[in-house]
Amino acid sequence: MIRAGRQHLVRTLADLAAQQGVGIDHYTRLKPYAAEGFPAPVSSEGSRTRLYDGEQVDAYLLGKPVPPLPDGEDDDDLLDRRECAALLGVAPNSWDIYKKDPALAEARTEAGGVDHWPRRAVQAFQDSRPGRDAAATRGGRPPRTGDQVPRDQVLARVAELLDADPTISAATVTERLGVHRNTGQDALTRLRADRIADHVEAHPALTPAEAAAQLGYPAGQVRRATARAGTILRARHVAPYLAGVAAALHTAGWTSQEAVPEVQFPGDDRVVAAIVLDGERAPVPAVVWDERYGWRTAASRRHPIAKGGVLPSEGGGVRYLTGGITPPPGDVVAALTPTDA
């Protein structure tokens, strides 16, 4: 977590690389942050983006004793998604739903490109949540759900049911919430897949199927979820690489902000990501990465990824880049740079 009053000290790996006068690719290959005595990240364990306390890093680089961070809890501590989920006693993917609550959305702040929430806001949300146990034991639909739950609330409601009963079926979700069976099944698959992936990350020796069993999910109900969990894990593994390419495109002036690539899972079995190039000098509207073939250009900023992840043919603004599945970020920039630049 980021201790109260220390948000301005947060540094990313890119910040540390710049501080040392090297590129992010070179820095992450050398991994000086893995050396003994280097300050521990202030981001939660397993976070995709490493964040560090600048005061601690400066002291380490100067050969001085690394000052400890403040002890105890403070209402102004900033928590990332995993820490918020832990405070509520739920899985991180449940927090991804809860964070849409208006009060939490308003309290959200960004540090190092990562969303955080003040401890006081998370605790206030916890205090305002209705008791789940009573709703789970009454049977039938939870109160105030009406005849059908609005689509943007389905995941949150299904997450509550799954928290209470890991073996819950799509038929029971349909009965409780009054949604279409396909809607309930899709929500269950997405939630279970995220939780299976989280569990495998916490216990790397497990397979997705073994993780599902430990979470109490019936084997006959989670075939799609375990397949999707494997895809999610691959997406998380490649996320630092995609972020590095996004940073390189931003440095080239082709994106207005160093945004995290939009990742999708067409068919639940492959990873596809898009980066929109909205800079004034951008050579193409967007680029798309697919784990099957690597990078290509896209002719549309609005819909860079074809429906269903279909591979488009070259021509009409679409060009496949050479260099393998994960060429270095600099090579992606070079492949996109106009020859007359």
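This report describes the sheet, the nonpolar cores and selected helix packing of a predicted model.

## The four-stranded sheet

Four strands form an open sheet in the order E6-E7-E8-E9, and their pairing is antiparallel. The edge positions are taken by strand E6 (262-264) and strand E9 (294-298); each has a single partner strand, so one side of each is left without a neighbour in the sheet. From one strand to the next, the twist averages 25°. Strands of a sheet pair through backbone hydrogen bonds, in either a parallel or an antiparallel manner.

Strand E7 (residues 272-276) is joined to E6 by 3 bridges, the two strands running antiparallel. Towards E8, E7 is joined by 5 bridges, again with an antiparallel course. Ala273 of E7 takes part on both sides: Ala273 is the bridge partner of Val263, and Ala273 also stands opposite Trp289 in E8. Of the 5 residues of E7, 4 are buried, so this strand is largely enclosed by the rest of the structure.

Helix H13 (residues 223-251) lies across E6, E7, strand E8 (286-290) and E9. The helix runs at about 20° to E7.

Helix H13 also contains Arg236. Is this arginine buried or exposed? Its relative accessibility is 9%, and because buried means under 20%, Arg236 counts as buried. Apart from neighbours within four places in sequence, the contacts of Arg236 are Arg48, Arg82, Asp194, Ala197, Asp198 and Glu201.

## The nonpolar cores

The largest nonpolar core comprises 30 residues. Within this core, the residues with the most contacts are Val158, Val173, Leu177, Leu188, Leu191 and Ile196. Two or more residues are contributed by each of helix H9 (154-164), helix H10 (170-177), helix H11 (181-202), helix H12 (208-214) and H13.

Which residues surround Ile196, once its neighbours within four places in sequence are left aside? Ile196 is in contact with Pro208, Ala211, Ala212, Leu215, Tyr217, Ala225, Thr226 and Ala229.

## Packing of helices H9 and H10

The buried residues of H9 are Val154, Leu155, Ala156, Val158, Ala159, Leu161 and Leu162. These buried residues pack against helix H5 (92-98), H10 and H11.

Two packed helices are described by the angle between their axes and the distance between the axes. For H9 and H10, the angle is about 120° and the axes are 11 Å apart. The two helices are therefore oblique to each other, since angles of 65 to 115 degrees count as roughly perpendicular and those over 145 as roughly antiparallel. The crossing of H9 and H10 is right-handed. On the H9 side, the contact is made by Arg157, Val158 and Leu161, and on the H10 side by Val173, Arg176 and Leu177. Among these contact residues, Val158, Val173 and Leu177 also belong to those with the most contacts inside the largest core.

Key
Residues are numbered from 1 along each chain as its sequence is written. This is a predicted model: local features need pLDDT of at least 70, side-chain atom pairs count only at pLDDT 80 or more; totals for chains, interfaces and linings use all residues. Side-chain values use heavy atoms; hydrogens and water are left out. Two strands pair if DSSP finds at least two bridges between them. Axes are lines fitted to C-alpha atoms, for helices over the stretch in contact, and angles run from 0 to 180 degrees between N-to-C directions. Contact means heavy atoms within 4.5 Å. A nonpolar core is a set of buried Ala, Val, Leu, Ile, Met, Phe, Trp, Tyr and Cys residues joined through side-chain atoms within 4.5 Å. Buried means under 20% relative accessible area, exposed over 50%, partly exposed in between (1.4 Å probe, protein chains only). Angles under 35 degrees count as roughly parallel, over 145 as roughly antiparallel, 65 to 115 as roughly perpendicular and the rest as oblique. A crossing is left-handed if the near helix is turned anticlockwise from the far one by less than a right angle, and right-handed if clockwise.
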